[in-house]
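Here is a short tour of a protein chain, moving from its overall layout to two residues worth a look. Please keep the structure open beside the text as you read.

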Amino acid sequence: MKKILFMVALVAAVTFPALAQEEGDDQVVSRANKYLGLGLGFDYGGIGGKLEIMPTRHLGLFAGVGYNLLSVGWNAGASFNFSPKARVAPVARVFYGYNATLKVIDAGTDKYNKTSYGVTFGGGINI
């Protein structure tokens, strides 16, 4: 439990100051074509990091690796941003990698612990 709380605190400490930065001139406001950050979720490998490269304004290619509460979780895939200029925009994703973890907490039941890998489809909102 201490490990999980530490990881959540680390993610918050790195992520929240970046959200508070002000945008100034047009050069700063334009979207970067690369993203490297910490976060939570399947595309971050659980609790981990993600690198995303945007070859076009709408298409992103990403890879993530992290701790999924059992072992190392990883994935790689693509995302499609429907409104890349908007501050809040819907996004669709498809990737291959970690998509579920089963951890049985009982003495001598480690043989049931499992991390599943496969294709995952998802969506969300970029802010």
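Read along the sequence, this predicted model follows the pattern α-α-β-β-β-β-β-β, with two helices and six strands in the chain. Of its 127 residues, 26% count as buried. The accessible surface of the chain is about 8800 Å², and carbon and sulfur atoms account for 65% of that. Among contacts between residues at least 6 apart in sequence, 36% join residues at least 24 apart.

Let us turn to two residues, set side by side here.

| Residue | Location | Relative accessible area |
|---|---|---|
| Aspartate 43 | loop between strand E1 (34-41) and strand E2 (46-53) | 12% |
| Phenylalanine 121 | strand E6 | 67% |

Aspartate 43 counts as buried because its relative accessible area of 12% falls under the 20% cut-off. Its side chain makes a polar contact of 3.3 Å with that of arginine 93. Neighbours within four places in sequence aside, aspartate 43 is in contact with Lys50, Phe62, Gly64, Asn75, Arg93 and Phe95.

Phenylalanine 121, by contrast, is exposed because its relative accessible area of 67% is over the 50% cut-off. Phenylalanine 121 belongs to a nonpolar surface patch together with Val65, Val72, Trp74, Val94, Tyr96, Tyr117 and Val119, and these residues have about 780 Å² of accessible area together. Strand E4 (72-81), strand E5 (89-102) and strand E6 (114-126) are the elements that each give two or more residues to this patch. Which element gives the largest share? That is E6, with three residues.

Terms used:
Residues numbered from 1 in each chain as written. Predicted model: local features only at pLDDT ≥ 70, side-chain atom pairs only at ≥ 80, totals over all residues. Heavy atoms only, no water. Helix = DSSP H or I, 4+ residues; strand = E, 2+ residues; numbered from the N terminus. Buried < 20%, exposed > 50% of the residue type's maximum accessible area, 1.4 Å probe, protein only. Contact = heavy atoms within 4.5 Å. Areas by Shrake-Rupley, 256 points an atom, 1.4 Å probe, with all protein chains shown as cover. Polar contact = N/O pair within 3.5 Å; in protein donor to acceptor, adjacent residues only side chain to side chain. Patch = residues over 30% accessible without salt bridge, like charges linked within 9 Å, V, L, I, M, F, W, Y side chains within 5 Å. Salt bridge = Lys/Arg side-chain N within 4 Å of Asp/Glu carboxyl O.
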